[in-house]
Amino acid sequence: MDAADTIHNEWFPVANAANVTGNSMHPFQVLDQRYLLLCDSAGSVFVTVDTCPHRGARLSLGSFDGQRLQCAYHGWEFEAAGRCVHQPAHPDRTPSLSAALQPVSIREQYGLWWVCGGDEPKNIPTFAAFAEGRGTSLVMNAARVESSGPRIIENFLDQAHFPYIHADYLGQTPHTEIGRYGVDIVDGELHLTNCVVWQPNPGPRATKGGPVHYDYTVSHPYAATLTKVPSEHDGGELGGFSILLVASPITETSCDVWRVVKVADAGADLNAQRAFNRTIFDQDVPIVESQRPQRLPLSPQMEQHQPADAGSLAYRKWLLARGTHYGTVQIER
Ligand code: FES
Ligand SMILES: [Fe+2]
């Protein structure tokens with residue numbers, strides 16, 4: 001991986017916080033590295049590299065009793081916080097401090113556990129709607145997508161595909177035209193505003209098709225939020241919702257995609273929300289996995305463009321400014 005790439009300092013979600021409870025181990029991979037999340041018997045959470053410092057065996061092949069992690073190979077034992085406390089081949093010797101597992105930065109936010117393997121962690125993505133008092137939220141199960149994070153995010157920002165890939169759900173021919181929308185950088189975030197698409201069923205109380213208004217925010221190279229702005233077409237305030245989508249890169253061209261959905265209607269049927277979001281996402285996956293190259297081309301001359309792509313071109317520029325190389329490709333100059 002490119003040493004100058006700022007991707008090392010980004011946070012990525014790795015587990016649904018609701019699934020991380022006492023005495024559990026959760027192996028995962030981010031940016032080609034294997035890690036292990038441990039939740040001890042007191043509920044404290046730790047993350048380390050999933051590789052034993054002795055001979056490099058995978059620690060998650062061993063056992064964890066809520067206090068001690070034991071490597072399957074020669075039985076070394078570690079506290080959840082990392083210190084090596086026992087080496088069975090030399091039971092009377094105190095293990096060296098240098099045999100400890102190195103901790104990785106971890107945080108809980110938006111119902112997810114996030115990790116950052118770099119020394120200068122950047123921001124967790126902003127998700128303004130999550131903190132707003134009214135409404136309710138749900139965390140979708142992660143979905144594996146065989147493509148780069150930037151291809152996945154660009155698809156999430158794109159509306160011109162709605163009448164085709166999401167026909168009769170998020171769009172419908174002949175209502176295919178995409179008007180001008182706002183593209184601005186605000187405090188280092190990319191904002192796409194007043195994105196209007198015609199939908200056959202614009203909201204929970206709609207009786208006929210009409211325009212729907214979306215705003216998007218990008219504050220992290222592998223994440224974006226979509227907010228549906230309620231209007232008179234969909235029955236007012238209760239039709240609003242916001243989705244945070246984050247692609248956690250397993251490798252450069254394979255991601256676990258996490259989504260947190262916040263709906264304005266506190267009484268919304270969350271199972272129906274979950275099913276609808278899964279349907280829409282499943283429609284996108286075959287197209288995104290078919291895109292070549294899998295890594296997002298950042299040089300404008302590598303693909304053809306149309307005016308509706310203003311947001312995706314701004315996103316590509318934003319990635320360059322952020323110093324994100326992982327998951328992208330450029331023409332060398
Ligand atoms: S490799 Fe883990 S104890 Fe030897
Ligand atoms: Fe889509």
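Let me begin with the largest cavity, where helix H3 and strand E14 (189-199) each supply at least two residues of the lining; helices (H or I, at least four residues) and strands (E, at least two) are DSSP runs, numbered from the N terminus. This is a predicted model, in which local features need pLDDT of at least 70 and side-chain atom pairs count only at pLDDT 80 or more, while totals for chains, interfaces and linings use all residues. Residues are numbered from 1 along each chain as its sequence is written, chains are lettered from A and ligands numbered from 1 in the order in which they are written, and side-chain values use heavy atoms, with hydrogens and water left out.

The structure holds 2 cavities of 30 Å³ or more, and about 50 Å³ of space lies in the largest cavity. Its lining includes Phe162, Pro163, Leu170, Val197 and Trp198. On a 1 Å grid over the protein atoms alone, a cavity is a set of points where a 1.4 Å probe fits but cannot get out, a pocket is an open set with protein on both sides within 12 Å along at least five of seven lines, and lining residues have an atom within 4 Å of a point. Grid points are joined across faces, edges and corners, and a volume is the space filled by probe spheres set on the points.

The largest pocket has about 880 Å³ of space. It is lined by 41 residues, of which Leu170, Phe241, Phe276, Asn277 and Ile280 are the closest to its centre. Which element gives the most to the lining of the largest pocket? That is H4, with 9 residues.

Histidine 166 lies in the loop between helix H3 (162-165) and strand E13 (182-186), and aspartate 284 in helix H4 (residues 270-290), so the pair ties together parts that are 118 residues apart in sequence. Both histidine 166 and aspartate 284 are buried, where buried means under 20% relative accessible area, exposed over 50%, and partly exposed in between (1.4 Å probe, protein chains only).

Finally, the sheets. One open sheet of 3 strands has the order E2-E3-E4, with antiparallel pairing; two strands pair if DSSP finds at least two bridges between them. Its edge strands are E2 (24-30) and E4 (45-49), each pairing on one side only. Antiparallel strands E2 and E3 (residues 33-39) are joined by 7 bridges, and valine 30 has glutamine 33 in E3 as its bridge partner. Another open sheet of 3 strands, also with antiparallel pairing, has the order E1-E10-E9, and here 5 bridges join E9 to strand E10 (residues 112-116).
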